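Visitor: I have a model open and would like to learn how to read it. Could you walk me through it?

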Amino acid sequence: MPGIVSRVSDSPRREPPGESSPVRARNRRSYRGGMSTAPTVAVVIPARDDAQLLARCLAALAEQTRTPDEIIVVDDGSHDDTARTVRAFDARIVRLDGDGIPAASAAGYDATSTRFICRLDADCVPPPEWIAEMLAVLEACPEAVAVSGG
């Protein structure tokens with residue numbers, strides 16, 4: 001299964017006061033009595049007329065052992081129920097007018113401020129450990145800027 005993880009920045013994501021995702025809360029880890037936040041990660045999925053396949057992809061992301069802090073689906077001019085599917089899974093949607101996969105991917109990267117970004121095609125069904133494994137490689141090799149796995 002194709003996938004790319006890119007290191008975006010070393011700064012943590014800043015959330016507006018009072019806003020905290022239940023997914024982010026689930027990923028927090030406690031160390032020696034204090035709270036430390038695990039590295040933030042978003043999944044970016046470009047899609048065009050992929051509602052049915054996208055539903056399988058988003059369902060698989062909900063079952064990750066390390067859930068993403070944010071899921072961004074870039075709807076690149078779909079004419080089907082892609083937007084409705086995105087909303088059903090409580091993912092974030094970015095809309096384009098049919099600019100193509102590279103532009104859709106870039107728009108998704110620009111829409112997040114997480115430390116890491118996992119890129120996934122709408123027709124992919126990642127195994128439950130996909131995000132955890134990608135993050136483990138990046139954390140073990142801080143000089144790496146990208147990891148690809150399939």
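Guide: Gladly, and we start with burial: a residue is buried under 20% relative accessible area, exposed over 50% and partly exposed in between, using a 1.4 Å probe and protein chains only. Helices (H or I, at least four residues) and strands (E, at least two) are DSSP runs numbered from the N terminus. In helix 2, the buried residues are Ala51, Leu54, Cys57, Leu58, Ala60 and Leu61.

Visitor: Before going on, what kind of model is this?

Guide: It is a predicted model, where local features need pLDDT of at least 70 and side-chain atom pairs count only at pLDDT 80 or more, while totals for chains, interfaces and linings use all residues. Residues are numbered from 1 along each chain as its sequence is written, and side-chain values use heavy atoms, leaving out hydrogens and water.

Visitor: Where is confidence lowest, and where is it highest?

Guide: pLDDT is the predictor's confidence in each residue, from 0 to 100. The protein has a mean of 80, with 74% of its residues at 70 or more. Strand 2 (residues 29-31) is lowest at a mean of 31, and helix 2 is highest at 98. Read residues 1-36 with that in mind: their pLDDT is below 50.

Visitor: What is the overall order of elements?

Guide: From the N terminus they run β-α-β-β-β-α-β-α-β-α-β-α-β, giving five helices and eight strands. Of the 150 residues, 43% count as buried.

Visitor: Back to helix 2: what do its buried residues pack against?

Guide: An α-helix has 3.6 residues a turn, so residues three or four places apart point the same way. The buried residues of helix 2 (51-62) pack against strand 4 (41-47), strand 5 (70-76), helix 3 (82-88) and helix 5 (130-140); contact here means heavy atoms within 4.5 Å.

Visitor: Which residues have the most contacts inside the largest nonpolar core?

Guide: In soluble globular proteins, nonpolar side chains tend to be buried together. A nonpolar core is a set of buried Ala, Val, Leu, Ile, Met, Phe, Trp, Tyr and Cys residues joined through side-chain atoms within 4.5 Å. The largest one has 24 residues, and Val43, Ile45, Leu61, Val73, Leu120, Trp130 and Ile131 have the most contacts inside it. Helix 5 gives the largest share of this core, five residues. Leu61 touches, among others, Val43, Ile45, Trp130 and Ile131. A second, separate core has nine residues, including Val44, Leu96, Ala111 and Ile117.

Visitor: And strand 7: which of its residues are buried?

Guide: In a regular strand the side chains alternate between the two faces of the sheet. For strand 7 (residues 116-119) both faces are covered, with Phe116 and Cys118 buried on one side and Ile117 and Arg119 buried on the other. Strands pair if DSSP finds at least two bridges between them; strand 4 and strand 7 pair in the parallel sense over four bridges. Ile117 is the bridge partner of Ala42.

Visitor: What about the backbone angle of Asp49 and Asp90?

Guide: Most residues other than glycine have a negative phi. Asp49, in the loop between strand 4 and helix 2, has a positive phi of about 55°. Asp90, in the loop between helix 3 and strand 6 (92-96), also has a positive phi, near 55°.
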